[in-house]
Amino acid sequence: MALYLTTVRGYSASYAGLVVSLFGLGSAAASLGAGVLTDRVGRRPTLLCAQLATAVFTALLGLVHDPTAIAAVSFLFGLASNSSRPAIAAIIADVVPAEDRVRAYALNYWAINIGFGVSAAVAGLIALHGYLPLFLLDALSTLLCAVVVFVKIPETRPEAPSAGSAGSTGAASADGSGSGSAAEPEIGLGRVFRDTPFMGLVALNLVLALVAKQCDSTLAVDMGQAGLSADQFGLVASLNGLLIVLLQLPVTRLIEHRNRTGVLVVAALLTGWGYGLTAFAGSSMAFFALTVVIWTIGEIVYTPKVISLVAELSPTHARGRYQGVFSLSWSLAAFAGPAAGGYLLEHSGNAVWAACAVCGTAAAAGFVLLGRRAAPDTTADAAVAAAAAAAAAAAAAAEEPVKA
């Protein structure tokens, strides 16, 4: 988008930055609005409307020329494109048992990164023949996604609690993710923001997201100032997607039943200190690549575990709202992270990478504290319960008299 506005339309870099920021602002607004719609209207209609609207606004971005219109459509594009995230996360929580959610969210994240890697390469080739075909083909692919949703995706939202059962709360659901559907009162956004353990998780995710968003612009600027070319930055940055595609599934199998707090602490330290080590890269492309490997492993470990934890902390009939508020932390980081990192890099040099290390360490400490108050690790509990059930069955079989 920034290249299109500056090279094709001839707008300034500051205007391009404003348009990209408006996209981020729309994404932030969508996090809350789509979360509420996901719970009230349903997962399927929210996802379907989000995909249809995204297709429309993508095509419009390639057709409008007026700067005010481009800015407005960019905001609406961010609003539409981010509206699908709470619905998708809620669908996974609805249909996947608690003990399998880490793997399910890892598969979703893996698929996203495969799509991102392929689309980035294809987009560059298409853009050589003009940007309008790129926008229109992007809109077409999103429209096809909407068709798939319409044809293949059923509604998964649990039935709303009856009025007579709203008075009794706190019963655990069968899947270990909040209270049961028959015992849950109506939950609004105010209740979500008053959920102290959950908002603690959102705050910690915001801290780590601010660190992770330094790869969007600050890392490229720093490598450029070190004398490395755009091609070299592209090769280094591509390691992130390549490693996720290769390692996400096997690493997820390794950590799936590990202690959740320990996994999140390790992920926070790898992320923060992976970026922190950038301060020592100098002009070495290999050292920059090493730092990318370190924080990418942190990302691989962190993402499925933390989204699974959000699902566990979310009451059944408020999953969309909880996922929306959690997604808001990523949108805020996308809006503020690059600007803050660029400011620190310009005025304090390597202090930006030291700040990343501090943030990662602080987040790790926060996860230790949060682990004492958050929902129980249902993956570990499920494994213990299964072992206990197997032992009980074996004991019963041993005590049963032998029949002639």
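You are looking at a predicted model, in which local features need a pLDDT of at least 70 and side-chain atom pairs count only at 80 or more, while totals for chains, interfaces and linings use all residues. Residues are numbered from 1 along each chain as its sequence is written, and side-chain values use heavy atoms, leaving out hydrogens and water.

**Stop 1: the helix pair**

Helix 9 covers residues 196–212 and helix 14 covers residues 319–348; they pack at about 30 degrees with axes 8 Å apart. Axes here are lines fitted to C-alpha atoms, for helices over the stretch in contact, and angles run from 0 to 180 degrees between N-to-C directions. Helices themselves are DSSP runs (H or I, at least four residues), numbered from the N terminus. Now show the side chains that make the contact (heavy atoms within 4.5 Å). Helix 9 contributes residues including F198, L206 and A212, and helix 14 contributes residues including Y322, W330 and G337.

**Stop 2: G337**

Stay in helix 14 and pick G337. Is G337 buried or exposed? G337 has a relative accessible area of 0%, so it is buried (under 20%; exposed is over 50%, partly exposed in between, with a 1.4 Å probe and protein chains only). Leaving aside neighbours within four places in sequence, G337 touches L210, K213, Q214 and L332.

**Stop 3: helix 5**

Select residues 84–95. This is helix 5, whose 12 residues reach 17 Å from first C-alpha to last, close to the expected 16 Å. That expected span is 1.5 Å times one less than the number of residues. Helix 5 is largely enclosed by the rest of the structure, because 9 of its 12 residues are buried. Among them are P86, I91 and D94.

**Stop 4: N240**

Move to helix 11 (residues 230–255) and click N240. With 14% relative accessibility, N240 counts as buried. Beyond four places in sequence, its contacts are V292, W295, T296 and E299.

**Last stop: confidence**

Colour the chain by pLDDT, the predictor's confidence in each residue, from 0 to 100. The chain averages 82. Which element has the lowest mean pLDDT? Helix 16 (residues 378–399) does, at 46, whereas helix 12 (residues 260–276) has the highest, at 95. Residues 162–183 also lie below 50. Where pLDDT is low, the predicted coordinates should not be read in detail.

Definitions and conventions. Helix = DSSP H or I, 4+ residues; strand = E, 2+ residues; numbered from the N terminus.
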